[in-house]
Amino acid sequence: MHSRSPTQTSAGDEQLEAPGSRDDQMEFDLPEPDGRGYGFHDDAANEAGMNSSDQRPSSGAGSIGQASRDGSVPLQVPGVTRTYHPNINGRICDEHGDDIPPNTPPPPRPSNRGPDNWTPYANRVEFEVADFLYRRNQMSGGDIDFIFNLWAASLAAHGETPPFANHVEMYNVIDSTPLGDVAWQSFSSEYNGALPEGDIPTWMTSEYDVWFRDPRILVHNILSNPDFEGEFDYAPLQEYDTSNGAHRFQDFMSAIFHPFSNFLISHNSQDLIAEDPNTIGSMFVPIILGSDKTTVSVATGHNQYWPVYMSIGNIGNNVRRAHRNGVVLLGFLAIPTTDKESAKDAHFRKFRRQLLHSSLAKMLESLKPGMTTPEVVRSPDGHFRRAVYGLGPYIADYPEQALLACIVQNWCPKCTAPADGLDNGTYGRRSRDHTEVLVEEFELGVLWDEYGLVGDIVPFTNYFPRADIHELLSPDILHQLIKGAFKDHIVTWVHKYIKARYSENEANIILDDIDHRIALAPSFAGLRRFPEGRGFKQWTGDDSKALMKVYIPAIEGHVPPEMVLTLQALIDFVYIARRNIIDSNSLNALDDALERFHRHREIFETSGVRPNGFNLPRQHSLIHYHKMIRSFGAPNGLCSSITESKHIKAVKEPWRRSSRFEALNQMLLTNQRLDKLAASRIDFASCGMLTGTCLSYILDKLGLNAPVHNAEAIQVRLEDEPIDIPHLGRNNHVNADLEADADQDAELEGDAVAGPTVIAHVDLAKKSAKRIYADLLADQIGEPELTTHIQQFLHDQLHCSDSNSEASESGAGSSSALPELHEKITLYTSAIATFFAPSDVSGIGGMRYERIRAVDTWRNGPGRYDCVFISTDPTVEGMRGFDIAQVRLFFSFKHNGVHYPCAFVHWFKHVHDSPDENTGMWVVEPETREDGTRFASVIHLDCIFRAAHLMPVFGHEFVPTYLSYTQTLDAFRTYYVNKYIDHQAFEIAW
């Protein structure tokens, strides 16, 4: 038997605290730009401030106060020291803005009219029906009428009627909801410059409508949302790790109170919010914006929309990523179109740019008074506070960043590096003041050619105080790193190298082998499958993320080691940047990854793939990540993946529900109704009116017992939780043919989980497959020593023995001393691992689940036996504290009344005592006895930390074309422990 001693822990019980144009040719009716700005200053001063800020401040730090989030009771986070801004600290006040004692309870909300007031709905049933049919099911009006007709027919004999007569009545009730009601409004713009003689381009005579909602009211709705209580920062703060003093950057508010940030600290003292007597004690509310063009249907022609989204910096990154109404649709920008010839016209391009900036300025103008004079608002905890607004980060991909920053394409929007020398030397940062000086001194042509500036456009940020578009553009992991530097650059260059290095036939053979290697990746929760490799045309962000997880092992052996090292450095950079919390130690690791990337990528230049170097804006952006993290916090809360995901609910689904004729007006109405339903649900839930199921609620009102089991669990169960459907198969043992998902290319077996926040725990599936005697099962699965393994496990459990003992080593040799096993064991097809993984797709508390399979038939094919991390030495960090095993069986049994959840596993062993140098991943191999049989043992389920993903070490050999991914874990001699399979694996498998 195996000599290791898996560590059985009770980690599941350990709770964690949730932690305009410049000439007169085009005029727009807009306010004058505010002349104030940040001021142009030396980057060296910033560096000095950055370095000093990494040291934990003393308790007597002059500018740092120990105020709490509400200015009263200090908020404690285990292992973290938090300091809050002493002046901009969000003190509570009454509805008139007068300060009140810190312990004053919040006043009742206007909507809290009692537990039985469902206005505008008659009762809970009406609300649940409307919410289900319109929001969750998205049923058409005709189908809703059909359902209500059937419902009415079933009630006719009892003289009753359904909640609504038809869809029109239901829509009217939704529309009458006062909560979440922010009316749509619009304005029109048109070209008002000189018209040419002869044929006039249509774009010069067209009107362009911009639809939007009042951002001030939208901000009020976000601020007053009780769902954000506990996930909201009322004051800028700094966090330091008490164990090492490292400065931590997480949510946006944890970064702006920092010498490297200009949101509160300006070099023009008159602009300081913190020094304005009118704003002392107020709550700073940064306005986060994002825009991204999207196409709703390629097949039916030009159906492009340009939505603008809005959020605030006070809510946590986890809330913004989870789309819990923390990101709202602000409006739709106009998209001027013309023919190909006119598209190159300088007047058209200028009009298009200016239309963007003037539209954004107009849409946001209701916020401007609140940027200098605080206004009283209700916050998530129910209290009133005086809020002062300010433009915060802007989320956009590079083409939109160039438009927003008014720079020439291929130049950097953050610094003055020229387009032909992005990675040559060090350049100063761009700023509003610096740009204004250049515009005053130079002609437009010089600005364009020498400074990369579009000098006749005024950025929309110039109309607002303390706003500099160059400072506000946020990092974009999706487009800059994943789609850009990884997919569009490195992956493309690798393929170009192979095609240049080998003959056409040899190159195709190698590329086919790489595709086959990618297709051989074993199944894993959340891993998108590439049955034909990466040879398809339409790439999405999820496709690029999935390829990143398996690409290094796929190309190793076919390309020079320097290219593999380049990829390792880049992916390390991406995964560090994607962390939920980035501290000063992480920033050092980020800098190291960037240095390695720059050093190793030279192979692409020397090999002739990039003979002219690397003047690529998206790749150049990596040098700015260190500073941007210090200015914005962790980039995962400001990524364009957030806006792209929002497209689905705000643009694409409403478009599909429309008649497709003048669809925008219908889409606006759909979004308005969805917001009303969401606001109602939040309000009803905060009043405790949505506990249990609708049926249990009604029966309770009637004084009857609910004839349902575990009603609360039914109410909160994850809608997308996969369900096991085990049945007996041809071998009469563990078998689980499950119906495939609609998207059979993805393993959708992991998802976010609502709290509680714990380190990790593993539970057997809710449904068992069968009960059987161990001896009988041993014969069926070809494991003759299974019973002895179980007895040895039981012996160790009963006697608390060290499984490194001679008894464990000798295995069957001391069977007479082992306890008897007379009861049947219960078999399971899977187990659920739940663990803390805040950097991955997770719940608000950072929890995620994944299903670990051990079945002999999977999706009507061969079996699937997943691998797992097993904790063998909790005193050691990283992979040195884990071993890898493959689960062959999940089961449980009882002995003397004690229940034992177990797994029967085959072990892998480490090949080396450190990770592979080229790939950065640990290498393991199946552990075998002298006769070639696998080392196996039974372990307690608590020893399993989570699932592990292995990728073969392919080497220089070509993979047999007949090999399938279902055979991968049995077909190779050595395997990489894939630390890139997800972000949590990256944190533990180093």
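This is a predicted model: local features need pLDDT of at least 70, side-chain atom pairs count only at pLDDT 80 or more; totals for chains, interfaces and linings use all residues.
Strands of a sheet pair through backbone hydrogen bonds, in either a parallel or an antiparallel sense.

Next, follow S13 to its partner. Strand S6 spans residues 247–249 and pairs with S13 over 2 bridges, in the antiparallel sense. Here Phe249 stands opposite Ile582 of S13.

Turn now to charged side chains. Side chains of opposite charge can pair when their charged atoms come close. The structure holds 32 salt bridges. Arg601 and Asp423 form one of them, with an N to O distance of 3.2 Å. Arg601 sits in the loop between helix H19 (584–600) and helix H20 (602–606). Asp423 sits in the loop between helix H11 (398–405) and helix H12 (432–441). The pair therefore ties together parts that are 178 residues apart in sequence.

How exposed are these two residues? Arg601 has a relative accessibility of 4%, so it counts as buried. Buried here means under 20%. Asp423 has 24%, so it counts as partly exposed.

Other salt bridges lie within a helix. Take helix H16, residues 504–519. Asp513 and Arg517 meet there in a salt bridge, at 3.0 Å from N to O. Because they are 4 residues apart in the helix, about one helical turn separates Asp513 and Arg517. Both Asp513 and Arg517 are buried.

Helix H23, residues 640–657, holds both Lys649 and Glu653. Their spacing is 4 residues, about one turn of the helix. The side chains of Lys649 and Glu653 meet in a salt bridge, at 3.6 Å from N to O. Glu653 has 17% relative accessibility and so counts as buried.

Finally, look at a network. Salt bridges link Arg124, Glu128, Asp131, Arg135 and Arg681. Among its members, Glu128 and Asp131 are acidic residues, while Arg124, Arg135 and Arg681 are arginines.

How values were computed
Residues are numbered from 1 along each chain as its sequence is written. Side-chain values use heavy atoms; hydrogens and water are left out. Two strands pair if DSSP finds at least two bridges between them. A salt bridge is a side-chain nitrogen of Lys or Arg within 4 Å of a carboxyl oxygen of Asp or Glu. Buried means under 20% relative accessible area, exposed over 50%, partly exposed in between (1.4 Å probe, protein chains only).
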